[in-house]
Amino acid sequence: MNVLVTGMTLRELFARYPYARDFFEAFDEYEAQETLPVADFFTMLDDELLADRGVEREDLPRQLAEYLAFMQQLTEPSVEEVRSITIVGGRDKSGVPENCRLTIRTGEIICIVGPTGSGKSRLLADIEWLAQGDTPTGRRILINEQPPPGAMRFSVEQKLVAQLSQNMNFIMDLTVEEFIAMHAGSRMREDVAGITRIIVEEANRLAGEAFAAATPVTALSGGQSRALMIADTAFLSRSPIVLIDEIENAGIDRRQALGLLVTQQKIVLMATHDPFLALLGDKRIVIGNGGIRDVLETSAKERENLRLLQSVDAMLNGLRQDLRSGGRVELDQLRLIEGLKQEIS
Ligand SMILES: Nc1ncnc2c1ncn2[C@@H]1O[C@H](COP(=O)(O)OP(=O)(O)OP(=O)(O)O)[C@@H](O)[C@H]1O
């Protein structure tokens, strides 16, 4: 921080950290020197003035850095205080403006739909990087309706976005319990044993087949490790935004999985090709040719259809289960249609 800040001119510093002006108020005539790099400004300060102010020249860079860090803490929202994100439209692949401004609040699920290659992952990436007109789409992302502070964009500790990636390769030789305890410990949770128990319980509710806390993570099935990852993110991640590039149907209860994230006050954004998942969302963003074409709110009729899709989903899950254990897919079609009819009525 020291080197970076002292290499800036005063003008650049004030543009980036407006409160830095207050630090310089102690030195007369600083306004006439705004084109000077901070380090040079400190060098040219008069010995007498410094003595008068009671500061040592060589302490100034550190004092400035400490002051800025302190002010940042006071003025910038921490990840826990994120209440909304806003996507301010940019342009599509042909340069056509998106004309869109969408605010998403904590507890909302937003799906992103569109053909392959249309730009769904690009939108997720814009959000992850808190784009400020500096990505190919020209989009801007606001936090609590304001441009995000620079520190939030580049901070490693204050990670705003948790990615639930498609592949989870556990390479560690740990049990489920040890894995969660490691996370809980690194996130400074006090009640590690308690939170571990809750996460294992919740993960087991999502997973088709139960697993014990003492199971090695390498022995979990795809669905079980996915369930563990979702429960772990819901309870231990401080990031308020969860990005999901499709929850593949690995035998986990996807409705419950999304519900769990939402009850933990996350903003959930999910790219998906699956109608069942798309209707689970509150809204969906329709992407085409790299641009936001539309934002659709899930309608009453769609919510009604969700029940039907849920039973179709459950049926397909059952078939997957049968296939896994060597069964045949010899459905009684009439009974199936009867079952669906009952579901509708
Ligand atoms: N508005 C845009 N301007 C310029 N390039 C864009 C824009 N939107 C997306 N792209 C680029 O188009 C390519 C395809 O986009 P992306 O990978 O996001 O598609 P996708 O919808 O996620 O595809 P899939 O469904 O296959 O995963 C990427 O190289 C991306 O950077």
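Tutor: Let's begin with contact: two residues are in contact if their C-beta atoms, placed from the backbone, lie within 7 Å. Helices (H or I, at least four residues) and strands (E, at least two) are DSSP runs, numbered from the N terminus. Residues are numbered from 1 along each chain as its sequence is written. This is a predicted model, in which local features need pLDDT of at least 70, side-chain atom pairs count only at pLDDT 80 or more, and totals for chains, interfaces and linings use all residues.

Student: Which residues of helix 11 meet helix 12?
Tutor: From helix 11 come I230, A231 and A234, and they meet A257, L260 and L261 of helix 12. For classes, Ala, Val, Leu, Ile, Met, Phe, Trp, Tyr, Cys and Pro count as nonpolar, Asp, Glu, Lys and Arg as charged, and the others, Gly among them, as polar. The contact of helix 11 with helix 12 has six nonpolar residues, no polar and no charged ones.

Student: At what angle do the axes of helix 11 and helix 12 cross?
Tutor: Axes are lines fitted to C-alpha atoms, for helices over the stretch in contact, and angles run from 0 to 180 degrees between N-to-C directions. The axes of helix 11 and helix 12 cross at roughly 15° and come within 8 Å. Angles under 35 degrees count as roughly parallel, over 145 as roughly antiparallel, 65 to 115 as roughly perpendicular and the rest as oblique. Helix 11 and helix 12 are therefore roughly parallel to each other.

Student: And in which hand does helix 11 pass helix 12?
Tutor: A crossing is left-handed if the near helix is turned anticlockwise from the far one by less than a right angle, and right-handed if clockwise. Helix 11 passes helix 12 in a left-handed crossing.

Student: How do helix 10 and helix 11 cross?
Tutor: Helix 10 (residues 192–206) and helix 11 (residues 222–236) have axes that come within 8 Å and cross at roughly 135°. These two helices are therefore oblique to each other. The crossing of helix 10 past helix 11 is right-handed. Helix 10 brings I195, I198, I199, E202, A203 and L206 to the contact, and helix 11 brings A227, L228, I230, A231, D232 and F235. By class, that makes ten nonpolar, no polar and two charged residues.

Student: How far apart are the axes of helix 14 and helix 15?
Tutor: The axes of helix 14 (residues 300–324) and helix 15 (residues 333–344) are 9 Å apart, and the packing angle is about 150°. Helix 14 and helix 15 are therefore roughly antiparallel to each other, and their crossing is right-handed. R307, L308 and S311 of helix 14 meet L340, E343 and I344 of helix 15. This contact has three nonpolar, one polar and two charged residues.

Student: Now the sheets. In what order do the six strands lie?
Tutor: Two strands pair if DSSP finds at least two bridges between them. The six strands form an open sheet with mixed pairing, in the order 5-6-7-3-8-9. Strand 5 (161–164) and strand 9 (291–297) each have a single partner strand, so one side of each is left without a neighbour in the sheet. Neighbouring strands here are turned by 20° against each other on average, direction ignored. Strand 5 pairs with strand 6 (residues 241–245) in the parallel sense over four bridges, and Q163 has L243 in strand 6 as its bridge partner.

Student: Which strands does helix 7 touch?
Tutor: Helix 7 (residues 120–128) packs on the sheet and touches strand 3 (109–113), strand 5, strand 6, strand 7 (267–271) and strand 8 (283–288). Helix 12 (residues 254–263) lies across strand 3, strand 6 and strand 7, at about 145° to strand 7.

Student: Which residues come nearest to the ligand?
Tutor: A residue is near a molecule or strand if its C-beta atom, placed from the backbone, lies within 6 Å of it. Of the 15 residues around the ligand, G119, K120, S121, R122 and G290 come nearest. Helix 7 gives the most to this shell, with three residues. The shell holds one nonpolar, nine polar and five charged residues.
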